[in-house]
Each structure stands twice: as structure tokens, then as C-alpha cells.
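Subject: The structure I promised you

Hi,

Here is the structure we talked about, ready for you to open. Have a look around first, then read my notes below.

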Amino acid sequence: MTRILAKDVSKIYGNTKAVYRVSLEARDSEFVTILGPSGCGKSTTLRMIAGLIRVDEGRVFFDDEDVTDVPPNKRNIGFVFQRVALFPHMNVRKNIAFGLKARHVPEREIRKKIKQALAIVRMEDYENRAPSQLSGGQAQRIEIARVLATDPDVLLFDEPLSNIDAKLRDELKFEIRKIQRETGKTMVYVTHDQGEAFAISDRIYVMSQGIVDQVGTPTELYMDPSTPFVAGFIGQNNFLVGHIESLNSSSGTGTVHSDGIEIRAHVPDGLKCGDKVTACIRPEDIEILPEGKREPGEATKARIVESIFLGNTTRLHVDAGGTILKVDLRGPERFSYLKVKDKEIIMSLKKCTVIRGHQT
Amino acid sequence: MTIRDRLKPLALLTPAIALEVGLFFVPLAMLGIVSFTSRDSFFFTPEWTTKNYESLFSVFSFDFQVTFGLVIVAAFLDLLLGFPFTYIMTRKIRKYSDVFRAVMLVPLFGELYIAYGFYYLFLPGGPLYFILDILEIPALKAMYSVQTAVIALAVYTFPFAVYNIGISLQGIDPAIEESARCLGAGWFRTFWKVTLPMCLPGLLGAWLVGIGWGLGAFAIPVMMGGAMISQRFLSVEVYSLALLQLDLGTASAIGIVLALVAVTIFYFSLKASRGALI
Amino acid sequence: MKPKDTERIGQFVSYGYVLAVSVFLLVPFMVTVIRSVTYSLPDGTTTVGLKPYFDIMGSFWPKVYLSLSIAVTTIMIDTAVGIPAAYALVRYAFPGKRALYTLLNGVWYVPGICYALSLILAYYFLYKWALGYWGFIAAYSAGFLLLMLMTCIVAFKYVDPCYEESASCLGAGRLTTFFKVTMPLIGPGVSAGILLIFVLSFNEFITALLLNLPTKLMTAPVRVFAEITRARATPYIAAEAAVLQLISLAVVVVYLKIVGTKYLRGVVLV
């Protein structure tokens with residue numbers, strides 16, 4: 001039940017800004033995820049919150065206490081690593097007891113807490129096993145038990161499922177979410193897997209190249225990406241690079257011209273005519289209009305170049321005036337376009353998001 | 001970084017640094033100082049001179065030649081014997097390879113025992129002569145000869161050479177040799193055109209290492225090699241000058257030069273085998 | 001010839017060569033042992049037996065004990081000094097680290113006689129108060145420290161820092177983490193350093209020979225050398241040399257049986 005606040009933290013190695021002026025907040029009992037590709041600085045940020053790495057700029061607060069200069073063993077945190085860090089020379093029981101002994105918990109209490117911790121991760125019978133006898137998933141569960149036993153104020157998980165098989169990963173991520181809900185501890189979670197982040201997080205910080213691109217709930221990030229990176233990283237997107245042709249400031253709508261395609265869309269504040277923008281439209285948001293139905297200004301002509309059947313989706317590659325767009329069809333409609341080529345269609349690009357700048 | 005951060009590693013290193021400075025660097029500095037005094041004058045009233053170093057080029061130049069000649073040949077012998085040995089140990093055999101590795105440790109026990117063992121073996125009237133008599137081979141006047149000294153030196157430095165060669169052999173990605181085979185090369189071509197060229201820096205390093213350790217030999221040249229070698233080998237020369245003739249000045253001068261040369265050789269051997277020992 | 005035959009011959013030749021070279025390396029040792037058990041009886045005949053070993057017991061054993069005690073004390077000091085130093089070199093980054101390590105390495109590469117000579121100069125001139133047993137120990141500790149340093153550095157590199165970080169996050173302070181997590185994990189690596197220092201310091205001879213003058217201590221190998229220069233090659237000398245090698249061999253064999261060659265492989269073995 002602790003609030004975490006990292007304010008303008010930076011970590012600079014020589015000339016490289018691994019993390020630059022990142023601010024992150026996790027409220028009481030919130031599940032916050034830092035999401036991004038490898039090398040974006042997400043692990044570094046988490047380690048600064050943990051105190052494993054010294055902060056070059058900025059401060060870290062737990063509730064209202066400035067913990068920036070406090071070493072990790074005094075911060076009362078529960079850190080789970082990407083690689084299994086169970087002490088190989090101790091069995092499960094001794095591993096879990098370790099943190100409790102470090103906090104001088106009396107022996108009777110220790111035995112009780114070990115049982116409680118193992119019960120939470122549903123591994124009660126594994127007390128006497130050696131780490132080498134555990135599978136990847138089991139070992140990761142024991143690690144979670146080990147940090148929970150010490151009753152930390154916050155949980156900090158650094159890509160804990162990266163080295164776990166895909167199927168088990170699915171199961172475990174929901175278990176982690178469940179444990180977090182039940183214990184009510186504030187969690188900062190790091191992952192590069194967008195699906196994982198979406199499934200279990202309350203809010204997500206998307207990072208790239210050392211800075212935060214956007215913060216929001218999964219829905220907000222998906223529907224309203226604010227930078228080209230977020231638009232490309234979250235889900236699939238078609239990118240139409242162009243400029244604002246006309247703008248109606250009162251209604252906030254305008255037209256974007258891109259390579260012969262004219263799109264009518266909502267234009268965010270702060271943009272004016274002539275600005276370079278990228279129009280993003282998701283493959284599943286492109287609607288193929290039936291022959292007769294056509295509204296002025298929203299119909300775009302295109303020709304189907306390729307049709308790929310993926311099972312629950314049919315993906316079409318269409319040529320719209322020189323630009324290739326991806327269109328995903330779901331539902332019964334997808335069967336109408338199997339093995340179709342060179343067919344002229346009309347699409348509606350209404351659900352477009354316009355963002356500043358060019359996505360390469 | 002705060003000052004406390006900088007102090008932590010320093011605190012951990014202080015005992016080691018103090019020990020080495022006090023008992024290694026300071027004595028070496030003394031060696032340098034004394035090398036510029038004549039004879040044992042340092043302990044009474046120092047007479048400063050550079051004659052000691054000058055004599056290295058005149059009186060002792062033959063000593064340098066003999067010493068380096070011996071250790072260079074011995075190190076080369078190590079390469080000849082050691083390269084196939086290491087190659088086989090790291091590539092060809094599976095079983096008992098640990099036993100052979102353990103055998104490597106025996107020469108490390110001491111140069112003294114190697115010297116003694118070979119000394120006794122080649123003693124006139126000793127076992128080798130006994131066997132040679134039985135086989136009716138004319139006796140080789142082997143004992144006090146250069147050949148036996150070289151062999152003994154080679155045995156002494158063998159483990160170090162093997163270690164160096166091994167590091168460079170193991171540094172070769174097996175995939176490189178495998179792809180050579182897939183491209184059609186037989187064993188010999190692969191070895192000659194791929195493996196050996198890649199090993200050459202390591203072999204150079206091993207040769208230099210053998211020379212470096214050979215320079216430190218003492219018991220072997222004293223006990224073997226006869227009057228010519230035992231009085232001409234540099235490390236023995238240092239000993240006799242210092243303790244028998246009480247000429248500390250010259251002894252120190254040779255000592256300093258020997259130390260510098262040895263350290264330089266090791267430095268280059270590390271460069272050649274790309275840091276095998278760090 | 002079929003490929004399988006060529007392979008068999010290849011294996012035969014390989015094992016044969018390695019065996020031959022190994023035997024050759026062991027020749028000095030074997031010769032010494034054989035000589036040590038071959039002695040002549042009063043009536044002039046030669047016989048084989050363990051008599052020379054019993055004969056040297058009285059005079060030689062105290063020297064062996066001295067060498068053992070020196071070796072053990074050196075090991076203890078080098079372990080206490082070397083482990084923190086290795087830790088600092090591996091886990092911290094600070095300016096001049098490389099240079100410092102290279103400098104410390106230099107200790108090992110200076111030829112024995114140069115180091116020995118420099119030591120007696122220092123002992124006679126500077127360290128007059130540190131003679132005797134502890135002067136000897138100090139010199140040996142300085143000389144062999146690098147061996148412990150190298151093996152510990154390899155041992156620390158083997159151990160992933162995530163264990164120490166994990167312990168820290170679980171609440172353990174630096175000391176607890178070091179003794180309960182780091183030490184058990186680097187233990188085997190440190191044991192390799194202990195073995196090497198034992199074998200090398202127990203049999204060390206050049207420095208001991210020269211240090212005999214200021215410290216008046218005669219270690220076992222020095223005794224062997226003195227005997228050789230005096231009496232050439234009697235069975236007693238052979239027995240003394242054999243005893244020292246047998247003790248070293250026993251320690252090595254026991255170590256290899258328990259720990260194996262794994263931790264020696266970054267340092268002296270391939």
C-alpha cells in the first residue's frame with residue numbers, strides 16, 4: 001500500500017543517456033508496467049527505483065519519503081529478476097528464510113511465513129527441494145514466494161517471464177496479477193511483451209530510447225497513440241505519411257493528404273495547415289464498403305494485391321494509389337475475400353489517428 | 001559517485017597493495033639503487049657508479065648469450081612437444097583427459113626436483129649408463145652437457161607453454177573448423193590452412209612464456225650443464241656474485257636487467273596470445 | 001582403409017603420444033623415487049627397501065614441518081588479503097583498475113633470483129626488525145598473493161552478480177550477503193588458489209635459499225639443495241626429495257578427487 005514516485009530520474013553512461021528525465025508514478029496498490037523494446041531503458045529505470053543502480057539525476061520517493069540515497073536492503077522491496085536468482089547452494093526453505101533472517105524475524109515466525117508464502121504460489125510441497133530440481137516456471141514461483149515472505153512495501157518485477165515457455169507464460173502472468181490483487185501491494189513491472197502488459201496492467205508507461213513516450217491505460221494507448229513509436233509498437237498499424245491539407249479549428253477536424261490519399265480525421269490540438277503528420281490506421285479499423293454504400297469524402301479506392309488466410313483473420317494487402325495498406329477482416333466477412341486478387345474495392349479510413357511527425 | 005563509493009574498493013584493496021608495495025616494489029627499488037653502487041659499498045659508504053651496467057656489455061655478454069640461447073631452445077622444444085600434446089588433449093581424447101591434466105601439475109612442484117631427477121639420471125655410473133651398457137650403446141657423455149640442461153628446462157616450463165597453447169586452441173570456435181570440413185577440406189588441409197594460422201599468435205605467446213619462466217630457472221643450471229653453463233647462466237651468476245663474491249652492485253645490475261627483460265617478455269607474450277593469463 | 005580403422009589408429013596414436021609425453025614429464029619424479037629405495041648394505045650389495053626413509057626421519061622431519069607451517073600461514077594471509085582485493089577488482093569500476101591489476105601481475109613474472117636478492121637487500125637494510133619466521137611469511141605472502149588473486153578473480157567471474165543483488169533486495173546487508181551468499185559460491189574457486197599456493201610455497205626454493213641468511217630458517221627444499229651440493233646423489237637425498245614430492249602429490253590427488261580440475265582451468269590448466 002505504498003505510493004512510488006520517480007521524479008525526473010536519469011542514468012547516463014559516458015555519452016549515452018540510458019534513461020533521461022523519466023518520471024513514473026505508481027499509486028497505492030496499482031499495477032504499473034514499463035513497456036518497451038530491448039535497450040529502451042526500462043530495466044535501468046526499475047533498478048534505479050530499487051536502488052541497485054545509483055541515480056545520476058532526479059529523486060525516488062516511497063510514499064513521501066525520499067529513498068534516493070537509501071541502499072536496496074533498507075528499502076523493503078520485493079525484486080524479482082529475469083534470470084532465476086535462487087541461491088543454488090540453499091534449498092527452497094532456506095532460500096525463503098534468507099530474507100526473513102536478514103530482518104531478524106524469530107524462528108517460529110519464519111516457519112509460519114514460509115508456509116504462507118508457498119501457499120500463495122501453490123507450491124507447499126516443495127520446501128526441501130534444491131533449486132536445480134525445479135523447472136523454470138517452478139523456480140520463478142519460488143522466487144515470488146521468497147520476496148512475498150518478507151512482506152515488502154512494493155513489488156518490482158524485471159521481465160520475470162522472459163525465460164519461460166510461451167504456454168506457461170500465459171498462466172503465470174495471470175497468477176502474478178492475482179497475487180498482486182490479493183496482497184494489494186503496489187507493483188512496477190517491466191516487460192517487452194505488449195500482450196503481457198495489456199493483460200495485467202492498470203497503467204502502462206511506454207519507453208523508447210531512454211524516455212517515456214506515453215502513459216496510459218491499455219485502451220488509451222491503443223486508441224490514441226501520441227507518438228509514432230507508440231503507434232508502431234502497440235498493435236499493428238498502417239502509416240500514411242503526409243501533411244495537413246485543411247483544418248477546421250472549431251470542430252478539430254481536417255484533411256490529411258498522403259500520396260494521393262485524402263483522409264478526413266480528427267486533428268489534435270496544436271497542429272496547423274502544412275504540418276507534417278502521420279495518419280495511423282489499424283488494419284482492423286479499415287472497413288471495406290459494399291458497392292452501393294458510399295459517403296462523400298470518406299471513400300478511398302484501392303486494389304487488392306494479396307489475400308492471406310490466417311484462420312481467425314483474413315489479411316489483405318491493398319494498393320491505394322501507390323501505398324500498400326494492411327487490412328484485417330474478422331468474422332464471416334473474411335471468407336468472402338479468400339484468394340481474391342486484383343479486385344477493386346472501396347475503403348473507409350474514418351478511424352484514423354493523426355500524430356505529429358513522421359513515422360519511418 | 002560519492003567519496004564513500006570511491007573509498008570502498010580502495011579499502012578492500014589496501015592490504016594487498018600494502019603487502020606488495022612493502023615486500024615487492026620497495027625491495028625492487030632497493031635492487032635498483034644498489035645496482036648503481038660498486039661491490040658491497042652500499043652497506044658502508046656508497047660509491048656510486050655505472051660500471052656495473054657497463055660490464056654487462058663486456059664481461060657478461062657471453063653469459064647473456066648462453067642464457068638466452070638455452071631458454072630459447074628449451075621453449076622451442078616445448079612448442080614442438082607441447083602443441084601436438086595440447087591439440088590432442090583438447091580435441092582428440094575424451095577419457096582420462098583429466099588425468100593428463102593432473103600430470104601437468106607435477107613439473108610445477110619444483111624445478112629443484114626436476115633438476116635432481118635428471119641430474120641423477122645422467123650421472124656417470126648412474127642408471128642411464130647402466131641401461132646403455134646393457135643395450136651396448138656407446139655411452140653419451142650426457143650429464144654435464146648442454147643437451148640435458150635444455151631438456152630439463154623444457155620439462156620445467158612445459159606446463160606454462162601448454163596452458164598458453166591450450167587457451168588459444170580453445171579460443172577457436174569449432175564451427176570454423178567444421179565449416180572448413182563441410183566445404184570439402186580434409187583433416188590436413190583444415191589443420192594447415194585454418195587451425196594452425198589461427199593458433200600462431202598463441203604459439204608465439206607460449207614460446208615467449210617458456211622463455212620468461214626459463215630465465216627464472218636456478219637449480220637446473222646449477223646442477224646440470226657442467227662448468228660452462230652453471231657458471232654462465234644469469235640467475236646463477238647473480239647468486240654467486242652476490243653471496244660468494246659479495247659484489248652486490250653487479251649482482252643487482254644483472255638482477256634488474258633480468259627482471260626487466262623477463263617482464264617485457266611476459267608482456268609481449270600476453271599481447272600475442274591476447275591476454276591468456278588475465 | 002575404412003574410416004573406422006583410420007579413426008582407431010588415430011586414437012591409438014593420440015593416446016600413445018600423450019602417454020609418452022606424460023611419462024617423460026614424470027621421469028625426474030620416478031628416478032628420484034627409485035633412487036630413494038635403492039641403497040647398499042654394509043656388505044656391499046645393493047638392495048631395495050624403505051630404510052633411507054626411516055633414516056632421514058629424525059633430521060628431516062622438523063624441516064618438513066617448518067615448510068608445512070610456512071605454507072599454511074602463507075595461505076591464510078593470502079586468502080584474507082586476496083579475496084577482498086579480487087572482489088574489488090571484479091565488482092567495482094574505478095579509474096586505474098587495469099593499470100593496478102597489470103602492476104600486481106608483474107610480481108609473478110620477475111625471475112625468482114631477482115626477487116630473492118631484492119628481498120635480502122631490503123631485509124638487511126630496511127626491515128631489520130622483521131627477520132625470523134614472520135619475515136619469511138611476509139615475503140612468501142607477497143610473492144604468492146597473485147596466485148590467489150587470479151583464482152579468486154576467475155571464481156568471482158563465475159558467480160553471477162544477480163545472487164548478490166537478490167540478497168541485497170531481500171534485506172541482507174553487505175557483510176551478511178558476503179558470508180552467506182558470495183563465499184559459498186566462490187568457495188571452490190578459492191580452493192584452487194589454496195591448492196596452488198600450497199604446492200608452490202611448500203616446494204619453493206630460490207627465495208628460501210636466500211632468505212636463509214637473514215632469517216636463519218632452513219626449509220625442507222633448501223635442505224635438499226644443501227645436501228646435494230655437499231654429498232651428490234645418495235639415497236638419503238633422494239628420499240628427502242621424494243618425501244616432499246609425495247606429500248605434494250598426495251595433496252594434489254586428494255584435491256582433484258574432491259574438487260576436480262574445474263577451478264584450475266582458468267588459471268594454470270587448460
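First, some housekeeping. This is a predicted model, in which local features need pLDDT of at least 70 and side-chain atom pairs count only at pLDDT 80 or more, while totals for chains, interfaces and linings use all residues. Residues are numbered from 1 along each chain as its sequence is written, and chains are lettered from A and ligands numbered from 1 in the order in which they are written.

**Chain A overall**

Chain A has eight helices and 20 strands. (Helices are DSSP runs of H or I with at least four residues, strands are runs of E with at least two, and both are numbered from the N terminus.) Along its principal axes, the C-alpha trace of chain A spans about 80 × 45 × 35 Å. Of the 360 residues in chain A, 39% are buried. Here, buried means that 20 or more other C-beta atoms lie within 10 Å of the residue's own, exposed means 12 or fewer, and partly exposed is in between, with C-beta atoms placed from the backbone.

Contacts come up a lot below: two residues are in contact if their C-beta atoms, placed from the backbone, lie within 7 Å. Among contacts in chain A between residues at least 6 apart in sequence, 66% join residues at least 24 apart.

**A sheet in chain A**

Five strands of chain A make an open sheet, in the order β13-β12-β11-β14-β20, with antiparallel pairing. (Two strands pair if DSSP finds at least two bridges between them.) At the edges stand β13 and β20 (353–356) of chain A, each with a single partner strand, so one side of each has no neighbour in the sheet. From one strand to the next, the twist averages 40 degrees; angles like this run from 0 to 180 degrees between N-to-C directions, and axes are lines fitted to C-alpha atoms, for helices over the stretch in contact.

Strand β12 (residues 253–258) of chain A is joined to β13(A) by six bridges, and the two run antiparallel. One to find on screen: A:T253 has A:H266 in β13(A) as its bridge partner.

Now pick out A:I263, which lies in strand β13 (residues 261–266) of chain A. Is A:I263 buried or exposed? It counts as buried, because it has 21 C-beta neighbours inside 10 Å. Leaving aside neighbours within four places in sequence, the contacts of A:I263 include A:L240, A:V256, A:A279 and A:C352.

A:K178 lies in helix α5 (residues 166–183) of chain A. A:K178 counts as exposed, because it has 12 C-beta neighbours inside 10 Å.

A:H104 sits in the loop between α2 (92–102) and α3 (107–120) of chain A. Its phi is near 60 degrees, a positive value in a residue other than glycine. A:H104 is exposed, with 7 other C-beta atoms within 10 Å.

A:D342 is in the loop between β18 (323–329) and β19 (344–348) of chain A. For A:D342 too, phi is near 60 degrees, a positive value in a residue other than glycine. A:D342 is exposed, with 8 other C-beta atoms within 10 Å.

**How the chains meet**

Which chains have the most contacts, among the two pairs that touch? That is chains B and C. Their contact takes 74 residues from chain B and 61 residues from chain C. On the chain B side, helix α1 (residues 3–34) of chain B gives the largest share, 17 residues. By class, that side has 57 nonpolar, eleven polar and six charged residues. (Ala, Val, Leu, Ile, Met, Phe, Trp, Tyr, Cys and Pro count as nonpolar, Asp, Glu, Lys and Arg as charged, and the others, Gly among them, as polar.)

The contact between chains C and A takes 15 residues from chain C and 16 residues from chain A. On the chain C side, α6(C) gives the most, with seven residues. Chain A and chain B do not touch, and their nearest C-alpha atoms are 8 Å apart.

**Two helices in chain B**

Helix α3 (residues 61–92) and helix α9 (residues 187–215) of chain B pack at an angle of about 135 degrees, with their axes 8 Å apart. That makes α3(B) oblique to α9(B). (Under 35 degrees is roughly parallel, over 145 roughly antiparallel, 65 to 115 roughly perpendicular, and the rest oblique.)

Happy exploring!
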